[in-house]
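This report looks at one helix and at the packing of nonpolar side chains. Please view the sequence and the structure first.

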Amino acid sequence: MRKFLITCLVTIAIVACKDEPKTVVSVDTETITNHKEKDTLPKDIIIEPIKKSVKQIKQELAEQGFKTLDYVDEKTKDTVLMQQYFMAFLKRGAIRGQNEEEAAELQKLHMAHLKKMYDLGYADISGPFGDDGAIRGITIYNVPTLKIADSLANSDPMVIAGRLEIEIHPWWAGKGLPLR
């Protein structure tokens, strides 16, 4: 039984050394000692992801060139980490005379561009507005500088064609906080 326990711990240590997200394994030692099946782990093992500290996340972001700030939430006493993002407003451009076929092709290329930005991790969220106003939509860029965000936004085929124009502003949001 002792060999089984040592084998399990060595296996867990080897798996934990991979570049995948780390996990904490919480096991009642009596469960392993009394576990009868040798090829399986006991069912009451609790696996929880290891969370990085705010300090670790802040350091990693700083190393990548991102601006951050943090504060203590008075109610929860938790440290909240804020990161600077860049919000690109996609505005109605001056060149809107494309025919229906050209406009449809530009829209297809525009959507492919936005998907690529998302897939590469440069944009966190994009979408059109629900009215027919001058501001057509937004993209929130998760990049360290305004220059990079501007370059990515202006490489959109709709912008290149003049159908859309870009206006970018720095924007601060809580790192990792979900939309509700």
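## Terms and source

Contact means that heavy atoms lie within 4.5 Å. Ala153 touches Ala88, Tyr141, Val159, Ile166 and Ile168, leaving aside residues up to four places away in sequence.

The model is predicted, so local features need pLDDT of at least 70 and side-chain atom pairs count only at pLDDT 80 or more, while totals for chains, interfaces and linings use all residues. Residues are numbered from 1 along each chain as its sequence is written, and side-chain values use heavy atoms, with hydrogens and water left out.

## Helix H4

Helices (H or I, at least four residues) and strands (E, at least two) are DSSP runs, numbered from the N terminus. H4 covers residues 100-119. In H4, the residues Ala103, Leu106, His110, His113, Leu114 and Met117 are buried, which means under 20% relative accessible area, with exposed being over 50% and partly exposed in between (1.4 Å probe, protein chains only).

Just after H4, Gly121 has a positive phi of about 85°.

## The largest nonpolar core

A nonpolar core is a set of buried Ala, Val, Leu, Ile, Met, Phe, Trp, Tyr and Cys residues joined through side-chain atoms within 4.5 Å. The largest one has 10 residues, including Phe86, Met117, Ala153 and Ile168. H5 gives the most to this core, with 3 residues.

Notes. Expected span 1.5 Å × (residues − 1).
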